[in-house]
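Welcome, and thanks for opening the viewer. Please load the model below, and we will walk through it one selection at a time.

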Amino acid sequence: MHKRVSETMKAFIFIAILMLLLSGLSQIMRPKDNKELDWKHDQVAHGILGEPAGTVDVLFFGDSEVFTSIIPLSIWEQQGITSYCCGTSRQSLWYTLQIMIDSFQKQNPKIVVLETNAIFRYFTMDDFILHGAEFFFSVFKYHDRWKSISLNDVVADINNTYVHSEKGFHFAKDIDPASTQDYMSPSKHYAPIPFVDQFYINLIASFCREHGSKLILLSTPSTKNWNMSRHNTTAELAKRLEADYVDLNLLTDEVPIDWSHDTKDKGDHVNIYGANKVTAYVGKYLAHTGILPDHRNDPAYSSWKKDAADFRKKYKQYLT
Amino acid sequence: MERLIEILEGIQPDVDYKNCTDLIDGHRLSSLDIISLIAELEDEYDITIPAVEIIPANFNSADAMMKMIERLQEDL
Amino acid sequence: MDLSFLLAGCGKSMTSFFAMTFLFLFLPSCIIIYAIVPKTWKKYVLLIASYWFFWLISGLLVIYLWLSTLSVFLLGLWLEKLQERMKTKLKALPKEERKAAKIPLIREQRGVVVLGVVLHIGFLLVIKYSGFIIDNVNTLFKMLDSPIRAGVPSYLMPIGISFFSLQAVSYIIDVYHGLVKADRNFFRLSLFMSFFPQIVEGPICRYSQTAEQLWQVGTIRYHNLTFGVQRILYGMMKKIVIADRLNPMIENIFDKSNNFDGGIIALGAICYTIQLYMDFSGSMDAVIGVAEIFGVTMPENFQRPFFSRNISEFWKRWHISLGAWFRDYIFYPVTTAKKMKNLTSSARKKIGNHFGPLLAGSIALFCVWFCNGLWHGAAWSFIFFGMYHFMWILLENITAPAVKWTNTKLHINSECLAYRIMQIVRTALLVIIGELFFRTNGFQAGFALFKRIFTQFSFTGLDARTLYKLGIDWHDLCIVGVTLLIVFVVSLIQEKGIVVRDALAKKNIAVRWGILYALILYIIIFGAYGFGYIPVDPMYAHF
């Protein structure tokens, strides 16, 4: 019996020391500046980490649907609302939550908008475990940084210097028309949400609740990714989470997407012309909530003014 | 026993069969030697050595081989 | 709550023992349940876990495994009955008549064995090879200008079928020869056939090696747990740090080969051999480690094959359990068949000790290598792979006396270090060339690559552009090099006959824990997993 106890004790001590080592390593491996992030770690979306504390009122999350259709600087121009698009390619909900937690270090947005395509993205149990571990020990996420590690990583504090002046938006002007056959045709079916995603959507909702951020679920127009059965499921989910739900695929009068012109890849994503229409509506919708201040006359936000002017100059002929 | 050692020496002369106990494990007898050996033993002792008997335990020493041969002779 | 995740999808990734789901979900839950149930139930926990595991990775195809087990169970009992009947019959007869009376009775038993073998091997042939055979028949028809074409069927192949079918066959043959008693306990036989660590990639075990052990399992011991975990970690290092890190480069060379010159292809062949070895032997470390946790000793499947001095030795040390299976159930049965024995005896008288058995031996060797090639997959390139190794072993056998004679005449000491190193390097080179053909899609592609090593050899060095095209960087190559060095040093120590783990176990706790922590952190930091990496399936799972 005595042997049993001492063996169990040993195992516990072993694991405790391992945890200590892992958290120490996590400190070292974590990027000290977001300008060092590479494509693998989605530098553009992480530009939010370089924004001054407490300046961004709306954060958008989701996959490529969101960063092709939401133009934060247009919302600034129209409504004076500061927002940032933290969308990344093929974003899964575990990643949404990771960026969310990171960005909430400095920001406390009043509204969090989640694009709903990501909710249906399946990821494996393996991802679930590995990326779950990343929440506790970031060494699992950034272990590959051993290739560029320096003394600075051991001694320096985190200081993010990179900002994305277009606030996470990805510009695309190609036109590749889509067929609208069967697009949003009526259905009583409910598309299933994978178990792993259900787990994370609950975490995300309660995270927003804890931080006093209003959660809005947004379905951007896409003939390829969206349909009525997904709409049905999402509407029900929004009710359960007490979140607002906006499905632009059904608001054809408010967001009149011309599928022969406003998509860059046969209805998968909208291009800049579609993005203009989506953003115009979303901006109005956000302003309508009445909880977001207009910062246009605030000298503290002069950089936004400048970024918006540059943005307009760069893409003059494309913007409305 | 004498006869067995003679047979073994006829196949592979460079080994001290009286004392060696790792003929197989020590790679002293190759698989080709074993093929010859089986044929010789079957002729000499009028037995059939099934393939499953060809395991190191039965061929590692002259003693072990003799035991196997005796067993196979009795076994009917 | 939707529990479907328990059944589908997650299983696919579990074919790898280094999958998170296996290491952190499946295995720990098995260990915990195993640890808390009373001793007599533990074996059933293993059995249920095994079937659960197979269900996760193969779904309904688990039925193949079950039917296979059921058939050998029944055939085994039938054989036993026949054997007992023979015994009583023979006892009643006077001694002189026994031998003659035995013949028809033995023939009867042999019929049962043949049935079992045909059932299993035939089944394997149908689902694994029918596509290949029919393809070739169609090609033949085409060449003969015949309009007949047969439809190519496609079957769902359960993972691991090549492994458990061979175990089933070996069990039946062992029962026939009286090496083991027919198992009267269906559950014990089922556990032998399905034990979850070995079901995906082997090792191919004999009934006498593991069945009884598996049925006698007891409490998990601290020593077994730590040793098992150690072994898994060591395998994990081989697989995740070396094999998986090399993978993108190897894919770039072999799957998009047109643009690389001979030097890179040669490098690719070397790296592929390393990858295959690290992947397969790493997985075996995990298998043996997992079994060790439950107190089961599995037979080793690798014995540092790259220290081999010739090809035939190489195959005694690489995928040992497969080689042993072929040796015991093909090589010796063929060479000891009556006609072969007569051939050997008469040939020995005429052409001497060395070449006498060579004829029969070579015929058997041919059968072994033909089967070995086919076992790896239904394609001509695999058959070529088998023939390639057959050819070298044959050549070694034929030239052995000449080499020995030359060495004596020239006073070359064949045991000196330089000579041995030369042999080891030569063997490794031959193996690497063989693996080049093994990796490429089809024989022609393989030959084209092989030719390019010589016709377009210009090794300009690995500049940044080449490395980028290969999808690898200097950091990757360095860490692979360092890790290989670790594996090499450990192998060298083992080769000297020292059991590294026992030696480590004698050190004090600071050293032991230090090494363990170092290993864990090494894998976590330098492993090729997570962001930017695509998980690699274990390479032998699909054979």
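Predicted model: local features only at pLDDT ≥ 70, side-chain atom pairs only at ≥ 80, totals over all residues.

## First stop: an exposed isoleucine

C:Ile148 counts as exposed, because 10 C-beta neighbours lie inside 10 Å of this residue. The cut-offs are these: a residue is buried if 20 or more other C-beta atoms lie within 10 Å of its own, exposed if 12 or fewer, and partly exposed in between, with C-beta atoms placed from the backbone. C:Ile148 sits in the loop between α5 and α6 (161-176) of chain C. Helices here are DSSP runs of H or I with at least four residues, strands are runs of E with at least two, and the numbering starts from the N terminus.

Residues are numbered from 1 along each chain as its sequence is written, while chains are lettered from A and ligands numbered from 1 in the order in which they are written.

## Second stop: how the chains meet

Colour the model by chain. Which chains share the most contacts? Of the 2 pairs of chains in contact, that is chains A and C. Two residues are in contact if their C-beta atoms, placed from the backbone, lie within 7 Å.

Select the contact of chain A with chain C, where each of the two chains brings 22 residues. On the side of chain A, the elements giving two or more residues are α1 (2-29), α5 (125-136), α6 (139-142) and α8 (195-210). The largest share of this side, 5 residues, is from α1(A). By class, the side of chain A that touches chain C holds 13 nonpolar, 3 polar and 6 charged residues. In this scheme Ala, Val, Leu, Ile, Met, Phe, Trp, Tyr, Cys and Pro are nonpolar, Asp, Glu, Lys and Arg are charged, and the others, Gly among them, are polar.

Next, turn to chain C and chain B, whose contact takes 23 residues from chain C and 15 residues from chain B. On the chain C side, α5 (95-143), α12 (320-335) and α13 (338-376) each supply at least two residues. Here α13(C) gives the most, with 10 residues. The side of chain C that touches chain B divides into 7 nonpolar, 9 polar and 7 charged residues.

What about chain A and chain B? They do not touch, and their nearest C-alpha atoms are 39 Å apart.

Where the domains meet, 13 residues of domain 1 of chain C are in contact with 7 residues of domain 2 of chain C. On the domain 1 side, α5 and α6 of chain C each give two or more residues, and α6(C) gives the most, with 5 residues. That side has 8 nonpolar, 4 polar and 1 charged residues.

## Fourth stop: a pair of packed helices

Two packed helices are described by the angle between their axes and the distance between the axes. Select helix α7 (residues 186-194) and helix α8 (residues 207-215) of chain C: they pack at an angle of about 120°, with their axes 9 Å apart. Axes are lines fitted to C-alpha atoms, for helices over the stretch in contact, and angles run from 0 to 180 degrees between N-to-C directions. α7(C) and α8(C) are therefore oblique to each other; angles under 35 degrees count as roughly parallel, over 145 as roughly antiparallel, 65 to 115 as roughly perpendicular and the rest as oblique. To see the contact, show C:Arg188, C:Leu191 and C:Phe192 of α7(C) with C:Tyr207, C:Thr210, C:Ala211, C:Leu214 and C:Trp215 of α8(C). By class, this contact of α7(C) with α8(C) has 6 nonpolar, 1 polar and 1 charged residues.

## Last stop: chain B

Finish at B:Ala57, in helix α3 (residues 56-59) of chain B. Is B:Ala57 buried or exposed? B:Ala57 is exposed, with 12 other C-beta atoms within 10 Å.
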